[in-house]
Amino acid sequence: MGVVPRTHETVHLAYGKGSIPLHLNPALADWSVLSPRHENALPDPKHAFARACAEPIESPRLRDLVSPGERVCIVTSDGTRPVPNRVLLPWILEELGVPDEHVTVLVGTGTHRPNSPEELAAMFGEEIMRRVRVVNHDAYDPARNECVGKTQGGESVFLDTEYVHADKRIAVGFIEPHFFAGFSGGPKAVAPGVAALDTILHLHGYGLIAHPQSTWGVLDGNPVHETVCEMVRMCPPDALVNVALNNAKVITAFFIGDYIKAHRAGCEYVRERAMVSVPSEFPVVVTSNSGFPLDQNLYQAVKGMSAAARIVQHGGSIFVASECSDGIPDHGNFGAMLREAKSIADLDARLRALPAPKLDQWQAQILAKIRQRAGVFLHSALDDATVRACKLSPVAHLQEALEEHLWSLGKGTRVAVLPEGPVTVPYLD
């Protein structure tokens, strides 16, 4: 893995369920393509799963966790995350060996909209939908969430009652670098995954998000991660099933066992493969948002922009390919916050002045920080007026717009390309 200088060739930017070709003309710019260390898919993932279950990381085996008659809650991510639930859930049920009627699959939506029946069927497969009860978390319904304790700062922590009242709890997910929590997976399945709105808002306060340690690849000293862990300790999962994925979104490794220690092992594995150092900043960075499902909306596309912003020069330019097939989206406050602000400076000032955290404030805050550093040019399915209202520059033809921009900067301009977006997280060496 690393920075690879390129001659005249074509790379493919992940976009929706396909890709966009980008031609790298050496006469126009000095191109560097940043890609993760390629990992082949496990040749026999079910066998690898069974082996990981047989040797869990500092935890009892899944099959030894559940006593007869106990009810199990399996928490997993919603449809914005490429967790391979269709293959994992049948294997987990087989390993547990408990009656299907004793199992609830709780979809960790956080503050996202609920997944539709069609989306759930696509995520889990018809067999799982027939076998076990599948429920969307609802962060907005007080009756669906229960207080499990208070943080040292006195903040009440509310989690989904389906999760709280289960006899045994299993957290499922995948691990990748995260733009303010350090890494995804692990305890994030619980908070914010199945937490109530006020609890999620506390996790995303302006000060926590603005902290310099709240960033990609950092766990120790990261106040967001540490607050997540404090909350989840009040009602922890009994086991963790996390995976690492390659850029084709297929499984390369399993991390099963204690929800903290197995997650740490997975984070170190992913860090070595997904994070790449560069010697200096670039005037121009081109990125994707790693394609479907992460690039379904503009809200999620901030992640790809954030990865690029780590290595773009102040006053530079970021070109983003993110389909945004689900819009901004329509639900939540993200779009309204962007539209209502007169400028990026006004947006940041409004967010800083909020008396308490507000839904989606964190994503708008990160976008404001990115835009204060660089111009952002977006190629998407969104109409131009919407993109401009969101304080970004619309791009109809990515290749054309990029080449025109590079001509204006002069030959030999250094350009970094992240074809898989935040699957690769660059940092300055």
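Helix α13 passes helix α14 in a left-handed crossing, a term used when the near helix is turned anticlockwise from the far one by less than a right angle, right-handed being the clockwise case. The model is predicted, so local features need pLDDT of at least 70 and side-chain atom pairs count only at pLDDT 80 or more, whereas totals for chains, interfaces and linings use all residues. Residues are numbered from 1 along each chain as its sequence is written, and side-chain values use heavy atoms, with hydrogens and water left out.

Two packed helices are described by the angle between their axes and the distance between the axes. Helix α13 (residues 344-352) packs with α14 at an angle of about 140°, the axes being 9 Å apart; axes here are lines fitted to C-alpha atoms, for helices over the stretch in contact, with angles running from 0 to 180 degrees between N-to-C directions. Helices (H or I, at least four residues) and strands (E, at least two) are DSSP runs numbered from the N terminus. From α13, the residues I344, L347, D348 and L351 meet Q361, A364, Q365, A368, R371 and Q372 of α14, where contact means heavy atoms within 4.5 Å. This contact of α13 with α14 divides into 5 nonpolar, 3 polar and 2 charged residues, with Ala, Val, Leu, Ile, Met, Phe, Trp, Tyr, Cys and Pro counted as nonpolar, Asp, Glu, Lys and Arg as charged, and the others, Gly among them, as polar.

Helix α14 (residues 361-373) also meets helix α11 (residues 298-309), their axes coming within 10 Å and crossing at roughly 35°, and α11 passes α14 in a left-handed crossing. On the α11 side the contact is made by Y299, Q300, V302, M305, S306 and A309, and on the α14 side by W362, Q363, I366, L367, I370 and R373. By class, the contact of α11 with α14 has 8 nonpolar, 3 polar and 1 charged residues.

The loop between β16 (282-288) and α11 holds L294, and P293 lies in the loop between β16 and α11 as well. Most residues other than glycine have a negative phi, and most peptide bonds are trans. The peptide bond from F292 to P293, however, is cis, with omega near 5°, and S290, placed in the loop between β16 and α11, has a positive phi near 65°. S290 is buried, with a relative accessible area of 6%, and L294 is buried at 5%; buried means under 20% relative accessible area, exposed over 50%, and partly exposed in between, with a 1.4 Å probe and protein chains only. Not counting residues up to four places away in sequence, L294 touches T80, R81, N289, Q300, K303 and P422. K17 lies over the face of F292, at 4.7 Å from the ring centre, a charge being over a ring if NZ of Lys or CZ of Arg is within 6 Å of the ring centre and within 35 degrees of the ring normal.

Turning to the aromatic residues, F49 and F254 form an edge-to-face pair, 5.6 Å centre to centre with 65° between the planes. Rings of Phe, Tyr and Trp (its six-membered ring) pair if their centres lie within 6.5 Å, with planes under 30 degrees apart counted as stacked, over 60 as edge-to-face and the rest as tilted. Because F49 lies in helix α1 (residues 45-54) and F254 in strand β14 (residues 251-257), the pair ties together parts that are 205 residues apart in sequence. Both F49 and F254 are buried, and together with W91 they form one aromatic cluster.
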